[in-house]
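User: I would like to go through this model step by step. Could you please take my questions as they come?

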Amino acid sequence: MKSEKKKNYAWYALRRTLPVWSFEENLKELAKCLPQYKVDELIVKVDTEEFTHGQPPYDWVKDYQPKLFQIKETMTKLGILFSINPWITVGHCDRGRDARKQLPGLRTVVGHDGVECTCCACPLSTVWREHVEKIWKLYAEAKPHVIWVEDDIRTFNHAPARFGCFCPEHLKKFSERVGQKVGRHELVAAILKPGKPHPWRAIYLDMQAELMIETVAFLARVVHEISPETNLGLM
Ligand SMILES: [Zn+2]
């Protein structure tokens, strides 16, 4: 590997999107510039920002997969590591999209105030997990050095939902923990209670932490089933 020849070096990684309509041009440019600037790792962002399809359709990613293989081959020849950063895990924010039409039965994030997302998935959603598993297997088949998990793997800031998730599944899990049926209003009031913290606050936050850890463990399982040598990173 080229980078091993360097001494006292910093690790340089470039995060880049190669849209379908300028793919060849962008790849050519990368093949020229990355060695020139001694970049160690190329992190390919997929279906990004303004180009996003929301929850990416399986067929779209399947069509893009040969391009990932091509990038990997080009980078390997140059001694540069190839990584992938799926721009979406559960989704950053809705941006006016409704993924429930494409994925019937998708459970979306419900905010503390009851506002319901149309595109951002609750990580407990079975439909979301089935979909992500199919998509991430396509990514894993490209054998990336790292799959960088996007920072949308969070409980807050899924506009229009500010703090989540208070969907029926989350409330059910919380109710099981405290041994009584708890509704969203009651739970939010307990969490926000001024003065000495209500015991439910810690129970809810611990539950959130455990569920997010379980979610990333699920992603790691999906990837390692196909590509055990791929690392998972958090963007
Ligand atoms: Zn939920």
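Analyst: In helix 2, a kink of about 30° lies at Tyr64, shortly before the proline Pro66. The bend at a residue is the angle between axes fitted to the seven residues ending there and the seven starting there. This is a predicted model, in which local features need pLDDT of at least 70, side-chain atom pairs count only at pLDDT 80 or more, and totals for chains, interfaces and linings use all residues. Residues are numbered from 1 along each chain as its sequence is written, and side-chain values use heavy atoms, with hydrogens and water left out.

User: What span does helix 2 reach from its first C-alpha to its last?

Analyst: Helix 2 covers residues 58-78 and reaches 30 Å, close to the 30 Å expected at 1.5 Å a residue. The expected span is 1.5 Å times one less than the number of residues. Helices (H or I, at least four residues) and strands (E, at least two) are DSSP runs, numbered from the N terminus.

User: Which residues of helix 2 are buried, and what do they pack against?

Analyst: They are Val61, Tyr64, Gln65, Leu68, Ile71 and Met75; buried means under 20% relative accessible area, with a 1.4 Å probe and protein chains only. These buried residues pack against helix 1 (23-36), strand 2 (41-46), strand 3 (81-86) and helix 3 (126-141).

User: What comes just after helix 2?

Analyst: Gly79 is found there, with a positive phi of about 75°.

User: Changing topic, at what angle do helix 3 and helix 6 pack?

Analyst: Helix 3 and helix 6 (residues 199-226) pack at about 40°, and their axes are 8 Å apart.

User: What else does helix 6 pack against?

Analyst: Besides helix 3, the buried residues of helix 6 pack against strand 6 (146-149), helix 4 (168-178), helix 5 (184-192) and strand 9 (231-234). Phe218, Leu219 and Val222 are among those buried residues.

User: Finally, how many helices and strands does the chain have, and what share of its residues is buried?

Analyst: The chain has 6 helices and 9 strands. Buried residues make up 47% of its 235 residues.

How values were computed
Buried < 20%, exposed > 50% of the residue type's maximum accessible area, 1.4 Å probe, protein only. Contact = heavy atoms within 4.5 Å. Axes fitted to C-alpha atoms, helices over the stretch in contact; angles between N-to-C directions.
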